[in-house]
Amino acid sequence: MLESFQLLMSGFATALTLQNLAYCLSGALVGTFVGILPGLGPIAGIALLIPVTFGLNATSALIMLAGIYYGAMYGGSTTSILMNVPGETASVITCIDGYKMAQQGRAGPALSIAAIGSFIGGTIAIFGLVLIAPPLARAALAFGPPEFASLMVFAFVVLSNVTGGSLVKALMMVVVGLVLGTIGLDPVTGNERFTFGSAYLLGAIEFVAVAIGVFGLGEILVNAAKPPQQLEGSVTVPRLRELYPSLEDLKRSMGAILRGTGIGFFTGLIPGPAPVIATYGSYTVEKRISKHPEQFGKGAIEGVAGPETANNAATQSAFIPLFVIGIPFGPVPAILLGALLIHGVTPGPLLIAERPELFWAVVASMYIGNSILLLLNLPFVPLFANMLRVPKKVLLPLIVLFCVTGMYSVNNSVLDIWMMLGFGALGYVLRGWAYEGAPLLLGLVLGPKLEVAFRQSLMISHGDFGIFVERPVSLALLVVTVAFLLYPLFKLAYRSLRPKATTPASQ
Amino acid sequence: MTSAIAWFVFGAITAALSLQYPLGTLRAPGSGFFPLVLGVLLMGLAAAHSIRVRLEQPKPAVAPEAAPRRLDEATRRVLLFMGVVTLSTALLQTIGYVASGFLLMLGLLRVFGVGWGASALIAAVSAVASHSLFVRWLAIPMPPGPFGF
């Protein structure tokens, strides 16, 4: 543990250089904007800004992208509280009590407690990352292809189970993503596959095009379908002196903040949209244990403090599976994995040993970023809130212009823009059909890794599928996966049996 | 149900196309093996989804009178939106970044219901500003077009 802290100190030395400090600040600032702007979530925001990092070294690029990620998580609360419009999905729950507080003239305390909770949750979660990541990476070194294949299948099934919609629909999206991931070169033999003679497709489907298309453009198309008068909402901008919470607010929030930290941290370690699950989990817990559950939904400060803290703690701990085993457990870490690969960094068990300067500098930058965000969020909230006065009908075309520019700059290719447009249309259709885009993205990013692990496992076992159940870690993961798959069926069976059991009694 | 059919067809096409590549053996799977598995899996999932939809038997939707008109308006706006982005993308390399950016902004602002005068002004300012930001400051080589910008 002592070694970890020594390495963390050297990470601080790297992260505190003027250059990296500037990237951390700009990432956090841009992330806050991304979080505040409705219609541009962290996935599309990060995907859009990856090209901007091309000129940077891998450490600086990741410091900036990580800053955008947790900055977006901080910023998302602002629109939820002031406008009842979540800047990103994880802020949906903050709308419930945050907006009610704003309507009661208590927007300031809601915003400041969200910032304080986010800071505490984020900081404690980074401390957990420092403690857990190195030993977990050493354990993950024992993973072979069967364990990795089972882990990825586990991640897909759990993510599909927790997205909130139909499990079958989410699994279909995973498979569609996996199919798209097979386009290009076969990762084992190097043969061309599904390229139809196109040199463009040889380089595989550009995941940035899929991310911006499905998440960014798809969302904007949904807005375009609405009548223009439905786009605008009203915003109340609090004054600086109204921002600070009272002693009573702090006292009521502290328990929620600490519980939110625990819930968020552990949620980040499991596959799924961690920040979203963490916020719902935290809100449910706070409401259950509260002495005044009737105040929830009417402006209870715990309903803002808990979820906002959990959201940020989950954001930080979601870096652990990405860095340690190289497998993102959610859509935003999947985007970050893509960005890391572009910069020539392969996350996994060897990352901490082989690139300690990168790993520890990024972790240190998270501490710095969290502090920057606390400083930014409290005094500059009125400034950020004023951004919301820009009408959506002007903002959305501007975001499209940035999408087109960002997409072109990835490979200096118009074909990428066409690809983005195609996936934008798909994103719009998927929303209409009530399909989630996140499993598709995860399938696309992890597809080649899963194929390699799957085929290597069969080669090792000479074609025996038993290899997946003979090894204890792989077996355990598959057992949990099957349990997750069967759970909805058990639930369905239980529901269909229950009325039959009660019928005779009632008659 | 439409989505289930679409994904079933997509799975079937994937499976059929994957047969063009060597399947190999279980000891040494070839390039077509994994996509074939995925195609079949997708067909199975789509079939399961369609069965579930049929079993649930949703009530026939009774659309209110205004609904079809609203749907048409929404579709028209989405098609206009896509048309504007498609046109400006198609012209990007011919007329250059600033002109196609202007066209994109002007068209989209109009789709979102902004008046002609304001649209033209905002489009001009944003096209020039984005050129300054991306091309001059961030040195992203966007297509210059015949005017050099």
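# Questions on chains A and B

User: In terms of relative accessibility, is Ala204(A) buried, exposed or partly exposed?

Analyst: The model is a predicted one, and in it Ala204(A) has a relative accessibility of 31%. A residue is buried under 20% and exposed over 50%, so Ala204(A), at 31%, counts as partly exposed.

User: Where is Ala204(A) found, and what is its phi?

Analyst: Ala204(A) is found in the loop of chain A between helix H9 (199-202) and helix H10 (207-225). Most residues other than glycine have a negative phi. Ala204(A) is not a glycine, and yet its phi is positive, at about 75°.

User: Which backbone oxygen does the side chain of Ser474(A) reach?

Analyst: Ser474(A) lies in helix H23 (residues 472-506) of chain A, where its relative accessible area of 0% means that Ser474(A) is buried. Not counting residues up to four places away in sequence, Ser474(A) touches Pro146(A), Glu147(A), Ser150(A) and Phe468(A). The oxygen that the Ser474(A) side chain reaches, at 2.6 Å, belongs to the backbone of Phe468(A).

User: Is Glu308(A) buried or exposed, and with which side chain does its own side chain make a polar contact?

Analyst: Glu308(A) has its place in helix H13 (residues 302-317) of chain A, and because its relative accessible area is 0%, Glu308(A) is buried. Residues touched by Glu308(A), not counting those up to four places away in sequence, are Met73(A), Ser77(A), Ser91(A), Thr94(A), Ala114(A) and Ser118(A). The C-alpha atoms of Glu308(A) and Thr94(A) are separated by 7.1 Å, although the two residues are 214 residues apart along the chain. At the level of side chains, Glu308(A) makes its polar contact, at 2.6 Å, with Thr94(A).

User: What C-alpha to C-alpha distance separates Gly27(A) and Leu62(A)?

Analyst: Gly27(A) has its place in helix H2 (residues 18-36) of chain A, and because its relative accessibility is 0%, Gly27(A) counts as buried. Not counting residues up to four places away in sequence, Gly27(A) touches Met64(A), Gly67(A) and Ile68(A). Gly27(A) and Leu62(A) are 35 residues apart in sequence, and their C-alpha to C-alpha distance is 9.6 Å.

User: What pattern does chain B follow along the sequence?

Analyst: Chain B has 5 helices and 0 strands, and buried residues make up 38% of its 149 residues. Among its contacts between residues at least 6 apart in sequence, 51% join residues at least 24 apart. Read along the sequence, the pattern of chain B is α-α-α-α-α.

User: How much area do chain A and chain B bury between them?

Analyst: The contact takes 63 residues from chain A and 55 residues from chain B. On the chain A side, Met172(A), Phe194(A) and Leu401(A) lose the most area to chain B, together 11% of what that side buries. Of the area buried between the two chains, 81% is on carbon and sulfur atoms, and the total is about 5,200 Å².

User: At what angle do H19(A) and H5(B) cross, and what is the handedness of the crossing?

Analyst: The axes of helix H19 (residues 392-411) of chain A and helix H5 (residues 116-137) of chain B come within 11 Å and cross at roughly 35°. The contact is made by Val394(A), Leu398(A), Leu401(A), Phe402(A) and Thr405(A) of H19(A), together with Ile122(B), Ser126(B), Ser130(B) and Phe134(B) of H5(B). By class, these comprise 6 nonpolar, 3 polar and no charged residues. With the angle at roughly 35°, the crossing is right-handed.

Technical notes
Residues are numbered from 1 along each chain as its sequence is written. Chains are lettered from A and ligands numbered from 1 in the order in which they are written. This is a predicted model: local features need pLDDT of at least 70, side-chain atom pairs count only at pLDDT 80 or more; totals for chains, interfaces and linings use all residues. Side-chain values use heavy atoms; hydrogens and water are left out. Axes are lines fitted to C-alpha atoms, for helices over the stretch in contact, and angles run from 0 to 180 degrees between N-to-C directions. Helices (H or I, at least four residues) and strands (E, at least two) are DSSP runs, numbered from the N terminus. A crossing is left-handed if the near helix is turned anticlockwise from the far one by less than a right angle, and right-handed if clockwise. Contact means heavy atoms within 4.5 Å. Ala, Val, Leu, Ile, Met, Phe, Trp, Tyr, Cys and Pro count as nonpolar, Asp, Glu, Lys and Arg as charged, and the others, Gly among them, as polar. Buried area is the accessible area (1.4 Å probe) that two parts lose on being put together, summed over both. Buried means under 20% relative accessible area, exposed over 50%, partly exposed in between (1.4 Å probe, protein chains only). A polar contact is a pair of N or O atoms within 3.5 Å; within protein, one must be able to donate a hydrogen and the other to accept it, and residues adjacent in sequence count only if both atoms are side-chain atoms.
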